[in-house]
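Student: Could we go through this model together, one question at a time?
Tutor: Gladly, let us have a look.

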Amino acid sequence: MAFPHRPDAPELPDFSMLKRLARDQLIYLLEQLPGKKDLFIEADLMSPLDRIANVSILKQHEVDKLYKVENKPAFSSSEQLCFLVRPRIKNMRYIANLVNADKMAGRTRKYKVIFSPQKFYACEMVLEEEGIYGDVSCDEWAFSLLPLDVDLLSMELPEFFRDYFLEGDQCWINTVAQALHLLSTLYGPFPNCYGIGRCAKMSHELWRKLEEEEDGETKGRRPEIGHVFLLDRDVDFVTALCSQVVYEGLVDDTFRVKCGSVDFGPEVTSSDKSLKVLLNAEDKVFNEIRNEHFSNVFGFLSQKARNLQAQYDRRRGMDIKQMKNFVSQELKGLKQEHRLLSLHIGACESIMKKKTKQDFQELIKTEHALLEGFSIRESTNYIEEHIDRQVSPIESLRLMCLLSITENGLIPKDYRSLKTQYLQSYGPEHLLTFSNLRRAGLLTEQAPGDTLTAVESKVSKLVTDKAAGKITDAFSSLAKRSNFRAISKKLNLIPRVDGEYDLKVPRDMAYVFSGAYVPLSCRIIEQVLERQSWQGLDEVVRLLNCSELAFTDMTKEDKASSESLRLILVVFLGGCTFSEISALRFLGREKGYRFIFLTTAVTNSARLMEAMSEVKA
């Protein structure tokens with residue numbers, strides 16, 4: 001069931017070194033406050049910290065009590081306080097209040113602030129404004145690469161998407177460059193680098209600067225990873241907005257995978273307790289079904305349950321010696337497998353219940369119609385009904401955005417009517433969210449005369465008219481336009497299928513969306529790898545509004561072995577979905593590549609919409 005890798009597929013690098021580095025650096029920082037201390041941790045850092053250094057490790061280094069950074073006073077009796085926080089203004093205010101309260105009470109203690117993954121000048125400014133800059137010592141815990149799985153690294157920066165793609169804040173680009181620099185220091189230089197998008201271009205330039213400054217560190221090293229891709233999330237919003245139907249994606253959409261683990265509630269564990277489960281390649285059952293289309297998962301799990309039962313039944317005819325061997329060697333493994341099996345069966349049942357309640361089939365049908373550009377009127381009616389029934393504010397927004405991007409903006413009449421209905425149904429406090437979606441190019445209104453062909457001819461006139469030079473700001477609103485239909489035709493994103501699409505034996509990456517659509521981001525990677533550059537993709541790059549922003553950076557690296565050239569690092573700036581990961585794993589198996597994923601955070605359509613929303617759930 002789990003697709004076997006080709007025998008010639010390259011080995012993946014061992015990323016456990018990244019965990020060790022992060023742990024050692026954190027311990028070093030904690031040791032700089034010798035003696036007992038209390039540690040205040042920001043909520044966002046708790047899960048990543050747990051994967052790096054658990055409570056017992058912190059206790060070994062004299063951390064006495066742990067507190068959560070939250071909006072209420074903390075009563076710590078320790079003489080030394082250490083704060084582990086993201087570089088955010090609100091955290092600085094929290095620390096300042098605490099220090100100033102101590103001053104008022106005439107109490108002296110030592111304070112240390114550890115910023116992760118880096119400290120920003122603005123934070124130091126706030127500490128100075130609050131009059132406590134001299135009272136605290138500041139440090140950086142440059143922890144920006146958390147291995148969530150054998151082939152998945154996350155920077156655990158979900159805020160990256162909103163900060164960059166909505167606010168235009170470039171503060172995290174340095175973190176991305178530092179992460180790439182660390183990877184090339186540990187795993188040798190990257191001979192070939194391709195990228196598309198403004199953020200990709202800036203990250204690449206900054207990373208190259210870092211490499212030049214420390215020239216010689218990777219010189220003479222054999223590259224372990226042959227190709228690197230940098231992709232901006234806004235190059236492909238469509239894939240991120242679609243409902244996921246591979247098992248891992250569905251688990252994420254239904255239960256929310258956080259930092260590589262998921263909380264299964266009583267409805268899954270069939271006990272009265274919730275259970276936290278790590279989802280990675282070490283879970284043998286999960287590893288075999290994670291990339292599968294959901295329709296195949298149940299059959300596989302029930303087959304597995306029958307096999308397991310047969311193995312248990314073997315003990316019936318055993319003599320004492322065989323029984324002893326069975327208990328000492330096999331029983332533990334079988335019990336573990338049994339436990340995992342019942343969990344995933346429970347998860348599947350829970351997903352099925354939720355999806356039938358939602359009328360998932362109808363939803364998927366509408367999405368497929370939008371992707372293919374058929375029956376747009378019916379789809380619009382479906383979205384209106386969705387809003388009127390108040391199914392879910394996030395889900396309604398997602399469908400409106402999908403309609404907007406696939407149709408190159410909504411016609412003014414539809415835009416106004418959907419927006420009005422939405423605000424009446426879910427409340428006027430969502431008004432600012434619409435402004436955000438518009439700014440990010442997720443939900444736009446067609447200007448008069450902006451039919452697809454009109455826009456395309458305008459863009460091509462601009463591109464061919466050399467006198468116009470670079471596209472001016474006057475047309476930057478035009479550059480926000482999505483030319484999804486034209487790109488879809490060019491890259492053949494909607495497969496032509498004769499008869500039924502066989503989801504049991506997938507033949508292309510479209511299986512991750514039930515055979516209806518090949519993820520655009522993954523298709524771009526496939527095409528560039530085939531050509532070893534952007535050559536021949538000029539038209540696609542132009543339609544993506546990235547004419548200035550697609551680059552190829554190849555060093556004449558003779559040391560790159562054929563094995564390393566089949567190992568590819570894909571960096572998603574702004575988040576990547578489990579569907580894209582499954583699609584590229586499939587491509588790797590077909591073509592003899594192995595993909596490693598580095599993402600600012602794992603995302604899905606709901607997280608994307610929540611990042612743009614001004615109404616906190």
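Predicted model: local features only at pLDDT ≥ 70, side-chain atom pairs only at ≥ 80, totals over all residues.

Tutor: Residues are numbered from 1 along each chain as its sequence is written, and side-chain values use heavy atoms, with hydrogens and water left out.

Student: Is threonine 254 buried or exposed?
Tutor: Threonine 254 sits in helix H10 (residues 247-255); helices (H or I, at least four residues) and strands (E, at least two) are DSSP runs, numbered from the N terminus. Buried means under 20% relative accessible area, exposed over 50% and partly exposed in between, with a 1.4 Å probe and protein chains only. Because its relative accessible area is 18%, threonine 254 counts as buried.

Student: Which residues does threonine 254 touch, beyond those up to four places away in sequence?
Tutor: Contact means heavy atoms within 4.5 Å. The residues touched are Ile351, Lys354 and Lys355.

Student: Which residue in S13 is the bridge partner of leucine 231?
Tutor: Strands count as paired if DSSP finds at least two bridges between them. Strand S9 (residues 227-232) runs parallel to S13, with six bridges joining them. In S13, the partner of leucine 231 is phenylalanine 572.

Student: How many residues of S13 are buried?
Tutor: Look at both faces of the strand: Leu567, Leu569, Val571 and Leu573 are buried on one side, and Ile568, Val570 and Phe572 on the other. For S13 (residues 567-573), the count of buried residues is seven of seven.

Student: How many residues line the second largest pocket?
Tutor: On a 1 Å grid over the protein atoms alone, a pocket is an open set of points where a 1.4 Å probe fits, with protein on both sides within 12 Å along at least five of seven lines, and lining residues have an atom within 4 Å of a point. Pro158, Arg256, Arg607, Glu610 and Ala611 lie nearest the centre of this pocket. Helix H17 (393-406) is one of the elements that give two or more residues to the lining. The number of lining residues is 43.

Student: What is the relative accessible area of arginine 398?
Tutor: Arginine 398 is found in helix H17. Its contacts outside four places in sequence include Leu241, Glu367 and Met609. Arginine 398 is buried, and its relative accessible area is 2%.
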